[in-house]
Structures are given as structure tokens and as C-alpha cells.
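The sequence and structure come first.

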Amino acid sequence: MHELSLATEIIELARPHIPKGEMLKVVGLIVGPLAGVCEESLRFCFAELVRLEGFPEAMLQIESAPARFQCLDCGHEYETVTVEQFCPACSSMARTMLSGTEFSINFIEV
Amino acid sequence: MCDTCGCLSPSETGHHHHHHDHKHTHEHKQIAIGESVMARNDEYAEKNRAHFAEKRLFVINLISSPGSGKTAVLEVLARHFGSRMAVIEGDIQTSRDADRVTAAGSAAHQIETQGACHLDAHSVGHALAHLDLETVKLIIIENVGNLVCPSTYDLGENEKMAILSLPEGDDKVLKYPALFHRVKTLLINKMDLSPYLQFDVDRAEAECRSLNPEVQSFRVSATTGVGMDALFAYLEDRIGE
């Protein structure tokens, strides 16, 4: 639901990086599974906004970063795209999160 | 292959339905950025955090579904903490929640978000100016009732607290991991309804710990007051530090 705010933010952050006279073509994002972002909704909002902002060709390229956990029982480090997957080595639920909340603009293309 | 438009996949095409001939042969120039999308919000959040630290305030960002009992819990806290507590209320419309908290004994300022589904650090910064913080040690920011959007926005708080109430079901933690992995405290509310509902409290707590091993859980009922003494003690500890 907050994806319209996020899409607005993406355009505002990208804008100063667009060289004069160039058109924004692509915004490359990195999104982790725990960032709380719905990709489909973000694409929808972004497509509408760039049309209004005068960059009708701009689109999002989203790279999904996996979440990384470390098992607190056996120490195994693992990557997962779904938080329902517990330690593949020992099935323990006890774990600490190493990464997964990334939500950044990696690059733009003009 | 997408059924809607025949494109290859959302990640390759951006699901952008072109109405013109778009040949993907342009020479695109790539410019590296490497900036968090939340950067501007985070800047305001850091300002709030510095302000809270300077005034020696302990600040909680309270997040839950609509109807889980956020305001009822705040009324109980207001009766205990009185003028030592102030509340910033985020609601889409009406000042009903702020009125309830004020009647229970703590100052409250309402932010009507006019449709926005979350509070951001900028609006919280402005709300602070409306509160007399002379006697206040504890600020609770009651976020808009929503388990998704508020979790992404740092408001400059010391900790996020979530409320999960029994009628919502014990499966919600892993359904909304973006929130539950960020919370420091979890209130399981409406414990007085446990004879009537199938809610496995151990499961909800264990799943929350699987996202965040340090989470502290409190089993409470804002209606009967059960478990509230432990929450008072926890908060007294925090504001004493």
C-alpha cells in the first residue's frame, strides 16, 4: 500500500543523477525479502508516476536479494527467499538474520 | 511467459505495457547510485533520534492491525504513567484515539494522515513541536493500524513494539515478517479471550523469535489488566536508563 510513496521516493532520489538533456530509462533496485515491498505494486505505481513525470520509457529492474540467516543451534549460514524455510542442516527455527532488508537504488540507466 | 501481455517475465520487462514500438537496442548509459530508497526518511529519523536522546526520552513505535487493541493498551499505560507519558497518534481520520488517551491521563497529539497508510519520520518531527515534553519520559507513537507499510519507516524510535491479538490468529508472524523481525517487544493482547479462541501463543512467540531471537514477549489483556504489571516494569526500566 505504501508503494506509491516508495515509487515517488525512487524518482526523487534518481532525479538529481540524470544528466541534463538525458531521459531516464531504467532504475536498478535491490530488494530483500524482508524489505516489506510488494514488487508488483511498486512497478504499477512507478509506471504511472514516470509517465506523469515525463520519463515515459523508464522502467524498474529489480534484483531480489535473498535473506541470510545463521542458525543459533548448529551455526550453519543459509540463504532463503521465504522466511518459512528454517535451517536446512538441522531444521532449527532459532536463528539470527544477517541480511534481508535491503532496499536500495543500485544504478540508473539514461 | 506472461498471460496478460506475452512478455517474458516481470523482472526482464518491468511489466511495462508499451504502446509503441520499443526496440531494446538503445545505448543505455549506466550510472551507479548505491543509495537506500529510505535515505530521506532515515535522515529525518536520525534528527528525531538525536532530539529524543537530548531530551532523554524513551520512544516506542507501536504497530499492529486495526482493532488489535493499540489504543486500549495506551489507555492502560496512560493511567499508569500519566504525565510521564505522551502519545503521538497516527490515524487516517478522526481524533478519537487521541481523545481516549487524553481522557486516560496522558498528553496526545493526533496526526491525521489523510489516507496515508503509515507515519514517516518527517511528520513525527513536526508532531513533536505540538507536545509539551516538560514532564515526559516516555513517548509512544501509535502508528496507523497496518502490519505492512509502517514497518519500513524508521521514525527515530528506540524500539518497535507490535501487538498481536488473539482473534487475529497465531499464524500472522511469518505472514508479516517485515514487521515482526524488527520488533523488540511483542504484546499478545486479548488474553482474556483465550478460552474461546484457538490461538497457540507458544507458536506465535516461537515464530517471532525465529525472525528475531531477542524479542521480549508479554501476554496481556488491556481489558482485564492481566500481564500489564510486567509491561509497566519493563517500561519503567527503559525510562530509568
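Helices (H or I, at least four residues) and strands (E, at least two) are DSSP runs, numbered from the N terminus. In these terms B:H181 lies in the loop between helix 7 (177-180) and strand 7 (183-189) of chain B. The model described here is predicted.

**Chain B in outline**

Chain B contains 9 helices and 8 strands. Of its 241 residues, 53% are buried. Among contacts in chain B between residues at least 6 apart in sequence, 70% join residues at least 24 apart.

**Nonpolar cores**

The largest nonpolar core has 47 residues, and those with the most contacts inside it are A:L29, A:F103, A:I108 and B:I139. Helix 1 (residues 3-14) of chain A gives the largest share of this core, 6 residues. Apart from this core lies another, of 27 residues, which includes B:L77, B:A78, B:F218 and B:L231.

Beyond four places away in sequence, A:L29 touches residues of chain A that include A:I10, A:L42, A:L60, A:I62, A:F103 and A:I105. A:L29 also touches B:V37 of the other chain, and its contacts include A:Q61, A:E63, A:S104 and A:N106.

**A helix pair in chain B**

How do helix 3 (residues 70-81) and helix 9 (residues 228-240) of chain B cross? Their axes come within 11 Å and cross at roughly 60 degrees. The angle therefore makes helix 3 of chain B oblique to helix 9 of chain B. The crossing of helix 3 and helix 9 of chain B is right-handed. From helix 3 of chain B the contact takes B:V73, B:V76, B:L77, B:H80 and B:F81. Helix 9 of chain B brings B:M228, B:L231, B:F232, B:L235, B:E236 and B:I239. By class, the contact of these two helices has 9 nonpolar, 1 polar and 1 charged residues.

**Buried residues and their contacts**

B:H181 is buried, with a relative accessible area of 11%. Leaving aside neighbours within four places in sequence, B:H181 is in contact with A:L34, A:M97 and A:T101 of chain A and with B:L211 and B:N212 of chain B.

B:S210 is found in helix 8 (residues 201-211) of chain B, and B:S210 is buried, with a relative accessible area of 1%. Not counting residues up to four places away in sequence, B:S210 touches A:F69, A:F86, A:M93, A:R95 and B:L174. B:S210 and B:G67 are 143 residues apart in sequence and 26 Å apart in space, C-alpha to C-alpha.

In chain A, A:G100 lies in the loop between strand 5 (95-99) and strand 6 (103-109). A:G100 is buried, with a relative accessible area of 0%. Beyond four places in sequence, A:G100 touches A:G32, A:P33, A:L34, A:A35, A:P66 and A:A67. A:G100 and A:A67 are 33 residues apart along the chain, and their C-alpha atoms are separated by 3.9 Å.

A:S91 is placed in the loop between strand 4 (77-80) and strand 5 of chain A. A:S91 is not a glycine, yet has a positive phi of about 65 degrees. B:K190 has its place in the loop between strand 7 and helix 8 of chain B. B:K190, also not a glycine, has a positive phi of about 70 degrees.

Relative accessible areas of the residues discussed are listed below.

| Residue | Class | Relative accessible area |
|---|---|---|
| A:G100 | buried | 0% |
| B:S210 | buried | 1% |
| B:H181 | buried | 11% |
| B:K190 | partly exposed | 21% |
| A:S91 | exposed | 57% |

Terms used
Residues are numbered from 1 along each chain as its sequence is written. Chains are lettered from A and ligands numbered from 1 in the order in which they are written. This is a predicted model: local features need pLDDT of at least 70, side-chain atom pairs count only at pLDDT 80 or more; totals for chains, interfaces and linings use all residues. Side-chain values use heavy atoms; hydrogens and water are left out. A nonpolar core is a set of buried Ala, Val, Leu, Ile, Met, Phe, Trp, Tyr and Cys residues joined through side-chain atoms within 4.5 Å. Buried means under 20% relative accessible area, exposed over 50%, partly exposed in between (1.4 Å probe, protein chains only). Contact means heavy atoms within 4.5 Å. Axes are lines fitted to C-alpha atoms, for helices over the stretch in contact, and angles run from 0 to 180 degrees between N-to-C directions. Angles under 35 degrees count as roughly parallel, over 145 as roughly antiparallel, 65 to 115 as roughly perpendicular and the rest as oblique. A crossing is left-handed if the near helix is turned anticlockwise from the far one by less than a right angle, and right-handed if clockwise. Ala, Val, Leu, Ile, Met, Phe, Trp, Tyr, Cys and Pro count as nonpolar, Asp, Glu, Lys and Arg as charged, and the others, Gly among them, as polar.
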